[in-house]
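Open the model in your viewer and keep the selection tool at hand. The stops below go from a sheet to a cavity and then to a pair of helices.

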Amino acid sequence: MYSERFYQLALWLTPGVGDMLTRLLVSNCGSAEAVFKLPPGKLQKIRGIGDLLSRTIAAKTSFVQTEQMLQRLDQGGYTFLFFTDKNYPPRLKSLYDAPAVLFFKGQGTMNHPRTVGIVGTRKATDYGRRLTEEIVEQLAPYQPAIISGLAYGIDITAHKAALKYDLPTFGVMANGLDTIYPAEHQKTAFQMQELGGIVSEQPLGIKPDRRFFLNRNRIIAGLSDVVLVIESAKKGGAMGTAEYANNYNRDVFAIPGNLKSPGSEGCNFLIYHNKAQLFLDVPSMVDSLNWGEQSANAKDHLQDLSMLSQEESQIMSLLRDAGSQHIDDLAWRSQIPMAKLASLLLNLEFQGLIRSLPGKVYGLS
């Protein structure tokens with residue numbers, strides 16, 4: 001009667017389940033539908049699932065809400081990405097605290113070959129805004145997607161600059177996609193959907209709330225290959241994004257500023273404490289990321305990777321984003337059955353793309 005997509009959203013919406021248990025249950029049962037068809041007695045034997053939660057799941061308490069939400073998503077042109085979907089961003093899938101569900105609207109793909117997160121204070125100076133646009137302009141030849149938070153100041157400047165130079169840009173929101181916050185950015189958010197889009201882990205109908213912004217920042221960091229902090233107070237939201245980026249082994253750069261300027265305190269702090277590399281210019285950052293070496297043969301490189309299967313590409317992305325991993329961790333994060341995963345790893349090793357390390361650990365060559 002119901003599709004797997006219905007069961008996926010219904011599981012995530014079930015009170016008490018959330019992101020971690022959604023991933024755990026699907027990993028154990030094989031699909032969201034299988035979770036709902038498992039007797040409560042067997043459900044509660046899964047780690048983290050007690051008697052109360054197993055009975056809540058079995059009662060299908062979220063089904064009415066799921067039907068209503070799917071209807072609203074369809075009517076508004078929105079979609080949702082489940083963590084097992086092929087279009088779910090592989091950069092996020094490898095993270096321990098990845099959202100199990102992402103809501104999205106737009107024509108772009110978050111699986112872009114290169115991504116740059118640009119964040120900073122809402123109280124940006126003229127210098128900060130001008131520098132943001134100049135940086136995006138200089139990044140344009142490398143065709144990265146620009147990731148930010150659609151907020152006032154540096155964020156919206158980065159999005160607008162990306163649109164100006166025909167780069168895909170994605171706004172990560174801390175509320176439901178049906179409410180653009182701040183409202184002044186509605187036009188920009190609409191324009192972003194042509195090449196990029198807007199994304200949130202919050203379902204439709206959820207209004208902006210201070211407690212959601214910190215979680216939003218982890219998604220910006222997770223989607224980015226490198227995070228650039230332009231201007232930030234010492235306790236600004238951009239500092240949280242930089243902290244997440246460090247935890248996710250992303251590159252972080254910060255622009256040094258006037259020692260007496262509140263908007264430079266955060267950047268100077270990050271650089272001093274070795275939490276960010278000092279940003280001098282785009283060529284230096286690109287060189288650090290090895291984009292310069294790749295740019296001449298970028299099309300050939302992408303064509304080579306396009307020869308891989310979807311699952312092989314997923315494995316490569318996981319190893320690139322999270323570093324060398326044990327085969328058990330790869331199986332959990334990729335949701336590829338162990339027997340098939342072993343075969344895929346062997347094939348990638350034969351191609352010279354990955355290498356086998358002691359203790360069933362694999363890493364990029």
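Begin with F80, which stands opposite F103 in β2. Bear in mind that the model is a predicted one.

Now select residues 4-13. This is helix α1, which packs on the sheet and touches β1 and β2. The direction of α1 makes about 80° with that of β1.

Next, show β1 together with residues 101-105, which form strand β2. The two strands run antiparallel, and four bridges join them.

Widen the view to the whole sheet. It is open and has nine strands, with mixed pairing. To walk across it, follow the order β1-β2-β6-β5-β4-β3-β7-β8-β9. Stop at the edges: residues 79-82 are β1 and residues 277-278 are β9. Each of these has a single partner strand, so one side of each is left without a neighbour in the sheet.

Which residues line the largest cavity? Select R23, F83, Y88, K93, A98, W332 and R333 to see the lining. Four of these residues are nonpolar, three are charged and none is polar. About 40 Å³ of space lies inside. The count of cavities of 30 Å³ or more comes to one.

For the last stop, select helix α17, residues 310-322, and helix α18, residues 327-334. They pack at an angle of about 115°, and their axes are 11 Å apart. The crossing is right-handed. On the α17 side, the contact is made by Q314, L318, L319 and A322; on the α18 side, by L330, R333 and S334. By type, the contact residues divide into four nonpolar, two polar and one charged.

Conventions
Residues numbered from 1 in each chain as written. Predicted model: local features only at pLDDT ≥ 70, side-chain atom pairs only at ≥ 80, totals over all residues. Heavy atoms only, no water. Pairing = 2+ DSSP bridges. Contact = heavy atoms within 4.5 Å. Axes fitted to C-alpha atoms, helices over the stretch in contact; angles between N-to-C directions. 1 Å grid on protein atoms, 1.4 Å probe; cavity = no way out; pocket = protein on both sides within 12 Å on 5 of 7 lines; lining within 4 Å. Points joined across faces, edges and corners; volume = space filled by probe spheres on them. Nonpolar A, V, L, I, M, F, W, Y, C, P; charged D, E, K, R; others polar. Left-handed = near helix turned anticlockwise from the far one by under 90°.
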